[in-house]
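Please look through the sequence and the model first, and then follow the points below, which are grouped by topic.

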Amino acid sequence: MEASIAVIVAEAIGNILAVFWIFLWFRYRKKYEKMIAGIQEEQYTASEFFFIGFGFLELIHFSTKTDHARKKIKEIGEIRGRKYAEFYYFVMVAAMATYLLSIFPIALLLGAMTGEMLLAVLGVVLGVLLVWYLNESNQDKIKARREALLRDMPGVLSKLTLLINSGMTMHEAWKKVAEGGEGIFYKEMQKSVIQMENGMAEWEAYEEFSKRCGVKEIKRFISTIRQNLDKGNAELTRFLRDMNDEMWEEKKAAALQKGQVAANKLLIPTMLIFIGILLMIMGPMLTML
């Protein structure tokens, strides 16, 4: 009896979601063609169906102005650029909505038709995991970028210290260092050089650099540079040297922490192998008793 009720409920919800999906298909399949054309295919699977998600977000009056949305847009801006961050956030949410609205009715109706509610549960879990994966993959990209910036930072600070100590201004040293590297940090520095050459004030270019990077150590670095721009090279060199020493210590501590994490990850499979070997040895001995 309980199983039949579960089947009836699953079938009812599945039918409602399927009808809603069809409604979104006919109403929005042409409206978001240009927006979908701007999505790179390698970023998402089945992006041609994202009008389902876009249409759903339109119906519920989804806003990108909430505190949560602004936080996510700011994070995405670090990897996509602030100019297109809101667009990519909207696409990500639309992707999540599309996957859930497509997987849920299929899973529920399949479970109802076969009488195997486990299929419905697995389908729902699959949809939730897919949404979780999209969010986590985005967070992994942001984390990887921030780690790359911090890896480059000590080397950049060392070069800036040497050049400014030799008599260069911060502007000259910044440009020299930017042109001599290929990492993410150097590429962001190169953008600042271009901005300054196009007429942007030096302090403003540094501020934009800080916003693009989104790392607290870099924000502190830029904040102190701005405060010391008019105080002369001696004061600036001292600050850069102190911060450089601090960053090298942090880099060594981070390397040690990564090593410990890697060791802990290896501990679990090692223990499983040990238990397997122990069972292979003890198994025959126990059967002989």
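Lys65 is exposed, with a relative accessible area of 51%, and its side chain meets that of Glu86 in a salt bridge (3.8 Å, N to O). The model is a predicted one, and a search of the whole structure finds nine salt bridges.

**Salt bridges**

- Arg82 is partly exposed, with a relative accessible area of 44%, whereas Glu208 is buried, at 17%.
- Arg145 in helix α6 and Glu188 in helix α8, 43 residues apart, form a salt bridge whose closest N and O atoms are 3.0 Å apart.
- Arg145 is buried, with a relative accessible area of 10%, and Glu188 is buried as well, at 5%.
- A network of salt bridges links Arg145, Glu188, Lys191 and Arg212.

**Nonpolar cores**

- The largest nonpolar core has 30 residues, of which Met170, Trp174, Phe185, Ile218, Phe221, Ile225 and Leu240 touch the most other members.
- Two or more residues of this core come from each of α6 (117-165), α7 (170-178), α8 (184-197), α9 (202-213), α10 (216-228) and α11 (233-288), and α6 gives the most, with seven residues.
- A second, separate core of 29 residues includes Leu24, Tyr88, Phe90 and Met96.

**Aromatic rings**

- The structure holds 17 aromatic pairs, and in one of them the rings of Phe54 and Phe90 have their centres 5.5 Å apart and their planes at 20°, so the pair is stacked.
- Phe54 lies in helix α3 (residues 51-59) and Phe90 in helix α5 (residues 85-114), so this pair ties together parts that are 36 residues apart in sequence, and both residues are buried.
- The rings of Trp174 and Tyr206 have their centres 4.7 Å apart and their planes at 50°, so this pair is tilted.
- Ring pairs link Tyr28, Tyr32, Phe54, Phe62, Tyr89 and Phe90 into a cluster.
- The charged end of Arg80 sits over the ring of Tyr88, 4.6 Å from its centre.

Definitions and conventions
Residues are numbered from 1 along each chain as its sequence is written. This is a predicted model: local features need pLDDT of at least 70, side-chain atom pairs count only at pLDDT 80 or more; totals for chains, interfaces and linings use all residues. Side-chain values use heavy atoms; hydrogens and water are left out. A nonpolar core is a set of buried Ala, Val, Leu, Ile, Met, Phe, Trp, Tyr and Cys residues joined through side-chain atoms within 4.5 Å. Buried means under 20% relative accessible area, exposed over 50%, partly exposed in between (1.4 Å probe, protein chains only). Helices (H or I, at least four residues) and strands (E, at least two) are DSSP runs, numbered from the N terminus. Rings of Phe, Tyr and Trp (its six-membered ring) pair if their centres lie within 6.5 Å; planes under 30 degrees apart count as stacked, over 60 as edge-to-face and the rest as tilted. A charge sits over a ring if NZ of Lys or CZ of Arg is within 6 Å of the ring centre and within 35 degrees of the ring normal. A salt bridge is a side-chain nitrogen of Lys or Arg within 4 Å of a carboxyl oxygen of Asp or Glu.
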